[in-house]
Amino acid sequence: MPLTPLAARYDQFILDLDGCVWVGGEPTPGVVEALDELRAAGKRVAFATNNAFESGEDLVAQLWKIGLRASLQDVVTVGGAMQYLLADTRAGRTAFVIGSPPMLRHVREAGLKVLNSTDLASRAEVVVVAGTTDLVYDDLRHATQAVARGADLLATARDPTYPQPDGLWPGTGAILAAVEYATGIRAQIVGKPEPNLFATALDRLGEGRTLVVGDRVGSDLAAAAAAQLDAALVRSEGSDHAQLDGFEPQPLEVADTLAQLLTRRG
């Protein structure tokens, strides 16, 4: 099946994962065939995700599992972006992390001493908030106390939810909201809607006409606008498409699936 006129105009694509490529690890309709056709047409593809639950290696393995060829070079993760920022600006400091084991590893590998599970957790100099399914009240308590004592507050994203096969699950933004509300401090965001992930993806893809495709206005489209890149939008359950009213620049196209946007599949 030929590419759509929109897809044919671009040399390379930066694609969101959750809601575009898959939902809870299950591929969206026609996506594998559509991306195969995109690559067969000589187009380059990178994936940029606010998913902080899993490592880049885990995400690459999941892409292969659904039939999509990918390498670590193709996947730009918010965990990697957080590690880069911390290594550049806060190496040698102490940290408390709300997040999954891969995020704790990113913080350690950035050169910070992680104080989770110690008596000094609430006295950390840096608090990092990322997605996790193992949140407990003490996590919020330690983070709140550390920030109240002057710790820097950083987070991977503000996404309130993320799609799963059984419906929407609370996202990083839902956890971050509790810490921000308790402390009155607004976090520095490392992932989308900041342009950092897209800048890294462009470094890896090289020069060319680039289209961003995501499913959220407040993160994907906003990050594309910040990076001065063209963007298109895919509908997904619980996405914030109501925010399209008044948003500038508007997406070039809105489709039900990524496959439909690229090849009219799905």
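Thr156 is buried in this predicted model, with a relative accessible area of 0%; that value falls under the 20% cut-off for burial. The residue is found in the loop between strand S9 (152-155) and strand S10 (161-164). Leaving aside neighbours within four places in sequence, Thr156 is in contact with residues from several parts of the chain, among them Asn50, Ala52, Val78, Met82 and Met103. Its contacts also include Val129, Ala130, Gly131, Thr172, Ile189, Val190 and Gly191.

Let's turn to the sheet. Six strands form an open sheet with parallel pairing, in the order S5-S4-S1-S13-S14-S15. Strand S5 (75-77) and strand S15 (254-255) stand at the edges with a single partner strand each, so one side of each has no neighbour in the sheet. Further in, strand S1 (residues 12-15) and strand S4 (residues 44-49) run parallel and are joined by four bridges.

Why is H2 largely enclosed by the rest of the structure? Seven of its ten residues are buried. They are Val31, Val32, Ala34, Leu35, Glu37, Leu38 and Arg39, so you will find Glu37 and Arg39 on the buried list of H2 along with Val31 and Leu35. The buried residues of H2 pack against helix H1 (5-8), S1, strand S3 (26-27), S4 and helix H10 (258-263). Just after H2, Gly42 takes a positive phi of about 85°.

Another pair of helices is worth a look. Two packed helices are described by the angle between their axes and the distance between the axes. Helix H6 (residues 137-148) and helix H7 (residues 172-183) pack at an angle of about 40°, and their axes are 9 Å apart. H6 and H7 are therefore oblique to each other, and their crossing is right-handed. On the H6 side, the contact is made by Leu140, Ala143, Thr144 and Val147; on the H7 side, by Ile175, Ala178, Val179, Ala182 and Thr183. How do the residues of this contact divide into nonpolar, polar and charged? Seven are nonpolar, two are polar and none is charged.

Key:
Residues numbered from 1 in each chain as written. Predicted model: local features only at pLDDT ≥ 70, side-chain atom pairs only at ≥ 80, totals over all residues. Heavy atoms only, no water. Axes fitted to C-alpha atoms, helices over the stretch in contact; angles between N-to-C directions. Helix = DSSP H or I, 4+ residues; strand = E, 2+ residues; numbered from the N terminus. Parallel < 35°, antiparallel > 145°, perpendicular 65-115°, else oblique. Left-handed = near helix turned anticlockwise from the far one by under 90°. Contact = heavy atoms within 4.5 Å. Nonpolar A, V, L, I, M, F, W, Y, C, P; charged D, E, K, R; others polar. Buried < 20%, exposed > 50% of the residue type's maximum accessible area, 1.4 Å probe, protein only. Pairing = 2+ DSSP bridges.
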